Amino acid sequence: MATPPDPALVERLERFGQSGLLAHWDGLGPADRATLVEEIASIDLERLDRLIERFVKTKDAAEAGFDPATVEPIEVARLPQTDGERSGRRLATDLGESVLAAGEVGVLIVAGGSGTRLGFEGPKGTYPIGAVSGSSLFQIHAEKIRALGRKYGRVVPLYIMTSPENHEATVAFFESRDRFGLEHVRFFTQGQMPAVDAKTGAVLLSAPSRVALAPDGHGGTFDALAAPAPGGGPSCLEEMRSLGLRTLFYFQVDNPLVKIADPAFLGLHRSVDAEMSFKVIEKLAPDERVGVVVKAAGRPLVIEYSDLPPALAERRGPGGELELWAGSIAIHLLELDFIDRIVSGSVELPFHKAVKKVPHFPKPGSAVFPLWPNAIKFERFIFDALPLAERWAMMETDRAIEFEPLKNAEGPDSPASVRARMTELFAGWLEAAGARIARDETGNVPFPIEISPLFAFSGSELKGKVNGLEITGPTYLAGE
């Protein structure tokens, strides 16, 4: 005779209309039953019920929106053009360097994705993007962090948010390479939310003993930072406090050009006592697929490109320039006090819905592989924290030197485009430092050039190292 489920579990699922999660119970073995019970226990059914009420049961439920009539450009520290602006940027850099020298900055890489769109098996951070060395995205970022620590005489702690799918592979990758020489690396896992049937709100099963779980979006970073370590150890936030950190530099793993813990950005952020800050780029066209940072009703806000009405996207200033030009590139600074306020429950990031195709197992002997989107997944976005900040700062950066994400197998944002952009960046550094590079008739560099951050963290660090160097073919300047 089959062992029945715990009556308390049955009662709880019945109360929230989720009894279907036990549809396969009688046919499961002890291990599978334990797995199912554990996954059900991980679901916040009260919160999920509220989301189902809003996004499933309430017809035409609107996403958290904005009044287009109140949208206006946000103040941004633009790229310096005058001597006064350059002087201001140097002062910000000095302040940022003092923050780094005080050991108050940690680095957070969001790295839960895979290389599927690149035709690559494994975590995206393990992709070998170095055009000459074959260095992975992770190695390039790690070497920048080591270089920072060396320059400012402080260990810069690194935190890497993985997903349940790639966590073990990511940790194994770092361990097999001696953590790239980093003194402090901590891995933590992104949270998940169950997928529900788009018509009924029933939580779906991805297998008879498994709940259909999906990552809860990069906005789940805050809760993941606050979650206890496996086994009940200190959370990442608690550990950061113990290390004396105040500020987190946040970015996504797929952008190898990011200036990690850029002192000028840190200095601007600290100079206005900001709680959250953004680096932005100037949008190239109204329909460019980047979110735009604006003000709406006097508060800062990020509007996703898909939610930006054409009339706003195409609005022009007196000189013909885009009025709403500040494109968000997922490079942020966050104060730990601000994160604490969010995870304490005094403020909360909104959930959004995504309608997706999700195969599922509704009852014994049946499996559904939908041809059309049938389920709702719930996710949060980290940029939704911006309106909750009491103080903020925006700084423009040049996309040519800091934004070339790796997303596609071919075309824009592909390995070819990323390596070409890196080559041009490094060639510019070398020529400014006195090296000579054999360019083709169009002015392009016809071969790859790569510089390890341990050789030079920036163009200014090349001075005195390469004067008179002639480069006529593929070149990699390695560091130690």
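Mentor: In this predicted model, the protein chain has 13 helices and 21 strands. Its radius of gyration is 24 Å, close to the 23 Å given by the globule rule for 480 residues, so the chain is as compact as a globular protein of that length. Along the principal axes, the C-alpha atoms fill a box of roughly 85 × 55 × 45 Å. Of the 480 residues, 49% are buried. Among contacts between residues at least 6 apart in sequence, 74% join residues at least 24 apart. The accessible surface comes to about 21,900 Å², and carbon and sulfur atoms account for 52% of that area. As for charge, there are 51 positive and 66 negative side chains, with the centres of the two sets 1 Å apart.

Against this background, the part to examine is helix α11, which spans residues 336-343. Which of its residues are buried? They are Leu336, Phe338, Ile339 and Ile342. These four cover an arc of only 155° around the axis, which puts them on the same side of α11.

What covers the buried residues of α11? The cover includes two helices, α7 (221-226) and α8 (236-242). It also includes the strands β10 (247-252), β11 (276-282) and β14 (326-335). Just after α11 comes Gly345, whose phi is positive, at about 95°.

That angle leads to the backbone elsewhere in the chain. Most residues other than glycine have a negative phi. Arg179, however, has a positive phi, near 55°. Arg179 belongs to the loop between α6 (167-176) and β4 (185-189). Its relative accessibility is 24%, so Arg179 counts as partly exposed.

Asp413 is another non-glycine residue with a positive phi, again near 55°. The loop that holds Asp413 runs between α12 (399-402) and α13 (415-432). With a relative accessibility of 23%, Asp413 counts as partly exposed, because that class begins where the buried class, under 20%, ends.

To return to the helix itself, α11 has its buried residues on the same side, and helices and strands are included in what covers them.

Conventions
Residues numbered from 1 in each chain as written. Predicted model: local features only at pLDDT ≥ 70, side-chain atom pairs only at ≥ 80, totals over all residues. Heavy atoms only, no water. Rg over C-alpha atoms; globule rule 2.2 N^0.38 Å. Buried < 20%, exposed > 50% of the residue type's maximum accessible area, 1.4 Å probe, protein only. Contact = heavy atoms within 4.5 Å. Areas by Shrake-Rupley, 256 points an atom, 1.4 Å probe, with all protein chains shown as cover. Lys, Arg positive; Asp, Glu negative; His and termini not counted. Charge placed at Lys NZ, Arg CZ, Asp CG, Glu CD. Arc of directions from axis to C-beta.
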